[in-house]
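This report describes the fold, surface and selected local features of one protein chain. Please consult the sequence and structure shown below alongside the text.

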Amino acid sequence: MSTLSLARLLFAITAGTHFLFVSLTLGLAALVAITQTRAVVTGDPVRLRMVRYWGQLYVINYAVGIVTGLLMEFQFGLNWPGLTDHAQDVFGAPLALETLVAFFVEATFLGLWIFGWDRLNRYAHLAVIWVVTLTAYVSAYFVLVANGFMRRPVGFLRVGDELRVHSAADLFTNSAALLPLAHVTAGAFLVAGFFMAGVSAWHLRRARIGEPVDLEFFRRSLRIGLVSAVVAVVPSAVFGGLQFSIIPDGDGKSVLSGIASELMMAAWLWMFGVAVAAMVKLPFTGWLLRGRAFLRTVMITLPVPYAAMMFGWIYREGGRQPWLIQGVLRTEDAVRPMGHGAMLATTVGVSALFAVLAVVNIVLLRRFARRGPDAAALGRPAPAESLEPVPSF
Amino acid sequence: MDTLAYALLGLFGVGYFVLGGADIGVGMLLPFLGRDRRLTLAAIAPFFLGNEVWLVATGGLLTALFPGLEAEVFGRIWGALVVLIAAWIVRDMGLWLRGRGDGAVWRTFWDGATVAGSWAVAASWGVAVGLLMGGGAPLFAVTSCGVFALHGAVFAALRLGTHTPLARRLAPVALVTGVPCALGAGAGHLGRTAPYAAGLALLLVLAWAALGARRYGAALASSGLAILVVPLLAAVNLPDATAAEDAGLTVTVAFVMLPLLVAAQAWVWWTFRGRVDGPSYL
């Protein structure tokens, strides 16, 4: 593999992994915030437990997702200096604004939400999760402005070898950023909705074989998850489809991106079918819980929106090649001329690290999803830890 | 515009070293800070996420305001930066994950990740800045590990109310190893390096004296200023650069946001201002 291919692979692994974590983070943050709002307004203990249970799964996923994002931010400067050399003014601004306006606030407030559970009054604590949620979407917006510029460069002017901002308004209202934002938001609600519904269905099915399950808790969670999926499924297709007209196919529309597009639509059709069934059944609680095949289907649908997100991403980003900025900057002209060995070692090392992170995330989400609401450590006074022997000096 | 852009970059960089340096130092010293690890980690738990975003913001500002500088500097310290980011990831995973498993093996493994990752972060800062100083990379790693560890020890003493002797022992260690190593690393431009090494020596003595007098606030201020030897020596050894032509938008938004960002962080500091009274979620 050439150094260029390795650098591209490294970025693809970083961004692809990060995107999968972000999909759940974005959607689940909103569902947790909505649940917490209802819990605070009604004072309902079941809803309060739902906030802690789903909130903990959100926090686990966030923590692993954030570290993949760190590498992504610094990778532009590390491996793609051509991007900042030629498109510095245009490309840097949205990334800088993302860190300042969105991520900085999001992370600061998330720490407050996690660790300040019993230190803030409940309205302040509720406000904090809403700030976290909204800044997460602001963050997605700025990243998509940078990404949308790569796909559909607007609002810039060529001055010699460099791109300069001609119209900040055009840059920040690029339809190649706004439409994907709506598309990804709908996708995130599908991911989080089917995540919540799938986990709930697993617990409800256990109840059928006589195991002790908090029926009320998971019935409500199933409803929230299914409603989220039902609401999001059509917008995800509409905002996806609208992009075909404004985003040109890249010169090198490959077989791979073609297949990815087909698979994305197949995954969507599956989710659409499940969502229609859910819409019919949602008004009838008894019927919703009785349908054995339905609960099983909901369970196995959990990974489907993830697959759709991944295929959609491959389609969009793969279709841009060989351009880094469509029609403006070639990928091969932007990569840092690194030694092959260093790039190979980094790519292999990062791939291994990210594989471990992905596995750890799946194992932990599975473990804490299965343990049920009473095992959530988030927001409860920690039990005194027995002092096991630890290496200490 | 250049001055404002430099001021922003400096502010966020300094913010990262002063705030993040404390939680990195606590991670380095974890094996020395008592057997109840959950209690020790509660000292930094509410802060570390909000501390590391100062560096993320510094990176974002660097891309937007000084892209040419970023491309050149990242090229010179590429290896150190890759190790730094990998170590940062390993360390954060250690912090986030150790409390999510039950077995002693699980906890020991992730504690190991926290400790090793924290040392590697401190050392790669030293190597990165050492490379900018002109070749004394391994030497300056000794200096940076010393100031990170001391800052962490002082912070732990303040938050936990214990382990003051550890911090007091670390100050002279950082003095006798760190100051000569800083001078050695910058031997090529001694005129540029020496004032910072002298300042470092003075601050380390002050930290030692303040710890002896149990003046924790003064000790933390001294160790917090001492850690700034790392970014300051990086700054004076950076190649000259002018801000990007279109930096105005980013600079304006940054100055508008700044009071909000500081207020958000201050809310966190205020909420967790007291001594640690029990283990946290970590």
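How far apart do the end C-alpha atoms of residues 218–236 of chain B lie, and what percentage of the span is helix? The separation is 27 Å, and the span is 89% helix and 0% strand.

## Basis of the model

This is a predicted model, in which local features need pLDDT of at least 70 and side-chain atom pairs count only at pLDDT 80 or more, whereas totals for chains, interfaces and linings use all residues. Residues are numbered from 1 along each chain as its sequence is written, chains are lettered from A and ligands numbered from 1 in the order in which they are written, and side-chain values use heavy atoms, with hydrogens and water left out.

## Overall fold

Chain B contains 12 helices and 0 strands, where helices (H or I, at least four residues) and strands (E, at least two) are DSSP runs numbered from the N terminus. The C-alpha trace spans about 50 × 40 × 35 Å along its principal axes. For 282 residues, a compact globule would have a radius of gyration near 19 Å, and the 19 Å of chain B agrees with this; the radius is taken over C-alpha atoms, and the globule rule is 2.2 Å times the number of residues to the power 0.38.

Of the 282 residues of chain B, 60% are buried, that is, under 20% relative accessible area with a 1.4 Å probe, protein chains only. Among contacts (heavy atoms within 4.5 Å) with a separation of 6 or more, 78% in chain B link residues 24 or more positions apart.

## Annotated spans

An unreviewed UniProt entry lists several spans of chain B as "transmembrane region", including residues 6–32 and 218–236; such annotations may be inferred rather than shown by experiment. In the model, residues 6–32 of chain B are 85% helix and 0% strand, with end C-alpha atoms 38 Å apart.

## Helix 11 and its cover

Helix 11 (residues 229–236) of chain B has as its buried residues B:Val229, B:Val230, B:Pro231, B:Leu233 and B:Ala234. Their cover includes helix 1 (2–28), helix 6 (104–133), helix 7 (137–160), helix 9 (190–212) and helix 10 (216–226) of chain B.

## The surroundings of B:Tyr16

B:Tyr16 lies in helix 1 of chain B and is buried, with a relative accessible area of 4%. Beyond its neighbours within four places in sequence, the contacts of B:Tyr16 include B:Asn51, B:Glu52, B:Val121 and B:Trp125. B:Trp54 is also in contact with B:Tyr16; the two are 38 residues apart along the chain, yet their C-alpha atoms are separated by 4.9 Å.

Notes:
Buried < 20%, exposed > 50% of the residue type's maximum accessible area, 1.4 Å probe, protein only.
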